[in-house]
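Visitor: Could you walk me through this structure and tell me what lies behind the words used for it?

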Amino acid sequence: MDVITVATDPIEGQKPGTSGLRKKTRVFMGPHYLENFVQAIFDGIGGAQGKTLVLGGDGRYFNDRAAQVILRMAAAQGARRVIVGAGALLSTPAASNLIRTRRTDGGIILSASHNPGGPDEDFGVKFNTPNGGPAPQDVTERIHAASMRVSDYRILESQDIDLSRPGETTLGATTVEVVDPVADYAALMERLFDFDRIAALFAGGFRMRYDAMNAVTGPYARAILEGRLGAPEGTVVNGHPLPDFGGMHPDPNPIWAKELMDAMMAEGAPDLGAASDGDGDRNMIVGPHTYVTPSDSLAVLAANAHLCPGYADGLEGVARSMPTSRAVDRVAQARGMAFYETPTGWKFFGNLLDDGRVTLCGEESAGTGSAHVREKDGLWAVLMWLNLLAATGKTVPRVMADHWAEFGRDFYSRHDYEGLDAGVAGKLMEDLRLRLDDIAGTEWGGRMVEAADEFAYDDPVDGSRAEAQGLRVRFSGGGRIVFRLSGTGTSGATLRVYLEDYTDDPARFGEDPQVALAPMIAAADALAGIAARTGRTAPDVRT
Ligand code: VG1
Ligand code: CO
């Protein structure tokens with residue numbers, strides 16, 4: 001087998017965003033695009049020579065082709081071993097687990113996560129470091145820098161490798177080890193949670209609907225929920241990964257998981273509804289007639305984690321991304337846990353987890369996870385909910401009511417304005433940023449601004465600094481608005497407006513968040529001039 005050296009030129013824009021490099025699938029399929037970026041990853045980490053890597057993806061269109069290319073490039077560059085999920089599948093948390101437990105040099109995950117898939121939709125590539133977590137900023141910067149000077153890439157001339165079933169083969173001098181994508185992950189879950197108790201819950205007639213959205217979690221959810229825990233067949237719906245996710249937008253929120261929402265709001269709804277995203281790191285939790293916001297879910301899990309065997313000793317601390325509601329802060333304070341606030345994106349939790357400062361982390365975007373891996377983990381969060389329901393005997397609505405009675409309620413909603421002109425969105429943010437100093441002490445939507453600033457984060461472990469991580473405006477009475485531009489989109493700009501307000505008045509706990517947040521919604525538009533600048537009078541997505 002010959003190593004071919006292909007001459008290439010740098011391609012503009014190969015800069016990883018919030019989570020890896022995401023582009024239209026056709027861009028990735030274009031001449032040299034994928035190869036250039038993979039070469040940049042190898043160059044950015046000091047070469048693939050002698051390394052052991054993990055490889056897998058969420059099964060979206062081009063996943064299988066890209067995996068073959070990466071295997072040939074890894075082999076051409078002297079990788080010692082590549083551990084690949086059968087079918088080139090691995091959920092993001094399962095990949096993180098393998099990277100860690102097999103003591104590898106990192107891994108490549110093929111996914112654009114919650115973005116739709118297919119030839120006309122999105123594809124993505126991300127690199128995770130040996131701790132199992134998303135590459136931190138210094139590494140993504142090195143990869144980007146390498147992409148700007150790549151002049152050739154090395155690839156082995158060979159046939160495709162059979163990835164359909166577990167086993168070992170060689171490609172040049174590289175061992176390709178195909179593994180069952182589910183086995184190690186399922187074993188890990190069994191160590192963390194009380195499977196006997198959850199199985200007893202199902203045996204007692206507990207009903208659940210898990211919507212895998214035709215994405216990568218299907219095989220994991222079927223094996224664990226229906227296989228090991230004895231939930232009836234059919235508990236997992238849309239449970240087979242499809243290249244285009246069957247046309248679904250695999251983002252587990254009330255808008256895109258509408259089928260599930262409808263089932264949970266109907267008469268005779270199951271006891272628990274859940275969904276996960278394209279690559280299996282996000283989760284949505286719904287009870288009968290009760291949507292649990294991700295920020296509340298994080299707070300509930302922080303307050304109840306000790307009920308699960310893997311967390312029986314309590315939590316070292318908790319962390320949340322800045323735009324996530326402050327519900328979890330209240331739990332941390334009440335229980336005396338350390339607490340950290342980080343920028344958006346899981347990569348910022350890595351150091352805190354590695355350093356043993358926190359056990360549990362979460363983001364408002366339906367991401368929750370713990371020190372068991374270094375990624376957020378959708379099915380893990382669902383299993384933790386199942387464990388807590390089994391241990392307490394409560395229903396989801398009861399859990400929420402009790403939580404709010406103890407801590408008060410943080411009303412929360414995120415309003416997304418998608419596909420904006422990037423110039424207009426950038427100017428909106430810039431103009432608001434320049435006015436931040438003058439906003440404090442002024443009144444908007446009938447509420448007084450207490451403080452306004454741009455969030456920057458100093459990592460307490462390695463001292464690195466991340467600037468320009470969102471504009472935040474804090475109001476008297478506990479209200480808050482955060483403005484941020486998305487770093488995962490592939491066309492135009494997406495403005496995210498994060499809205500929250502707090503009440504400890506039990507009479508208000510049942511209010512519709514969109515109603516409760518009306519003053520914040522009005523203030524957001526007045527402050528940033530959203531309608532006037534973008535022509536949009538309503539967000540595209542409210543979660
Ligand atoms: C979004 C979310 C962020 C999450 C990221 C990756 O980023 O807001 O919380 O970590 O997606 O999630 P942004 O920059 O678009 O706001 V995943 O499940 O798409 O890897
Ligand atoms: Co994801």
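Guide: What follows is a set of questions and answers about this model, which is a predicted one.

Visitor: Let us start with the rings. How many aromatic pairs does the structure hold?

Guide: There are 11 aromatic pairs in the structure.

Visitor: What makes the pair of Phe 28 and Tyr 33 what it is, stacked or edge-to-face?

Guide: The ring centres of Phe 28 and Tyr 33 are 5.2 Å apart and the planes meet at 80°. Rings pair when their centres lie within 6.5 Å, and planes over 60 degrees apart count as edge-to-face. The pair is therefore edge-to-face.

Visitor: Are Phe 28 and Tyr 33 buried or exposed, and how do you know?

Guide: Buried means under 20% relative accessible area. Phe 28 has 1%, so Phe 28 is buried. Tyr 33 has 6%, so Tyr 33 is buried too. Ring pairs also link Phe 28 and Tyr 33 with Phe 62 and Phe 123 into a cluster.

Visitor: What are the values for Tyr 185 and Tyr 220?

Guide: The centres of Tyr 185 and Tyr 220 are 5.5 Å apart and the angle between the planes is 85°, an edge-to-face pair. Tyr 185 sits in helix H6 (residues 183-192) and Tyr 220 in helix H8 (residues 217-228), so the pair ties together parts 35 residues apart in sequence. With relative accessible areas of 2% for Tyr 185 and 3% for Tyr 220, each falls under the 20% cut-off and is therefore buried.

Visitor: What makes Arg 330 lie over the face of Tyr 502?

Guide: Arg 330 is at 3.6 Å from the ring centre of Tyr 502. The distance limit for a charge over a ring is 6 Å, and there is also an angle limit of 35 degrees from the ring normal. Arg 330 is listed as lying over the face of Tyr 502.

Visitor: Now to single residues. Why is Thr 104 called buried?

Guide: The relative accessibility of Thr 104 is 5%, and the cut-off is under 20%, so Thr 104 counts as buried. Thr 104 belongs to the loop between helix H4 (92-101) and strand E5 (107-110). Beyond its neighbours within four places in sequence, Thr 104 is in contact with Thr 52, Val 54, Ile 83, Leu 98, Ile 99 and Pro 130.

Visitor: Which backbone atom does the side chain of Thr 104 reach?

Guide: The side chain of Thr 104 reaches the backbone nitrogen of Gly 106 at 3.2 Å. For a polar contact, the cut-off is within 3.5 Å.

Visitor: And why is Gln 68 called buried?

Guide: Gln 68 has a relative accessible area of 6%, so Gln 68 is buried. Gln 68 is part of helix H3 (residues 63-76). Apart from neighbours within four places in sequence, Gln 68 is in contact with Asp 160, Ile 161 and Leu 163.

Visitor: What makes E24 mostly covered?

Guide: Four of the five residues of E24 are buried.

Visitor: How many bridges join E10 to E12, and how many join E10 to E11?

Guide: Four bridges join strand E10 (residues 208-211) to strand E12 (residues 272-276), running parallel, and Met 208 has Leu 272 as its bridge partner. Asp 211 has Val 237 in E11 as its bridge partner.

Definitions and conventions:
Residues numbered from 1 in each chain as written. Chains lettered and ligands numbered in written order. Predicted model: local features only at pLDDT ≥ 70, side-chain atom pairs only at ≥ 80, totals over all residues. Heavy atoms only, no water. Helix = DSSP H or I, 4+ residues; strand = E, 2+ residues; numbered from the N terminus. Buried < 20%, exposed > 50% of the residue type's maximum accessible area, 1.4 Å probe, protein only. Polar contact = N/O pair within 3.5 Å; in protein donor to acceptor, adjacent residues only side chain to side chain. Contact = heavy atoms within 4.5 Å. Phe/Tyr/Trp six-rings, centres within 6.5 Å; stacked < 30°, edge-to-face > 60°. Pairing = 2+ DSSP bridges.
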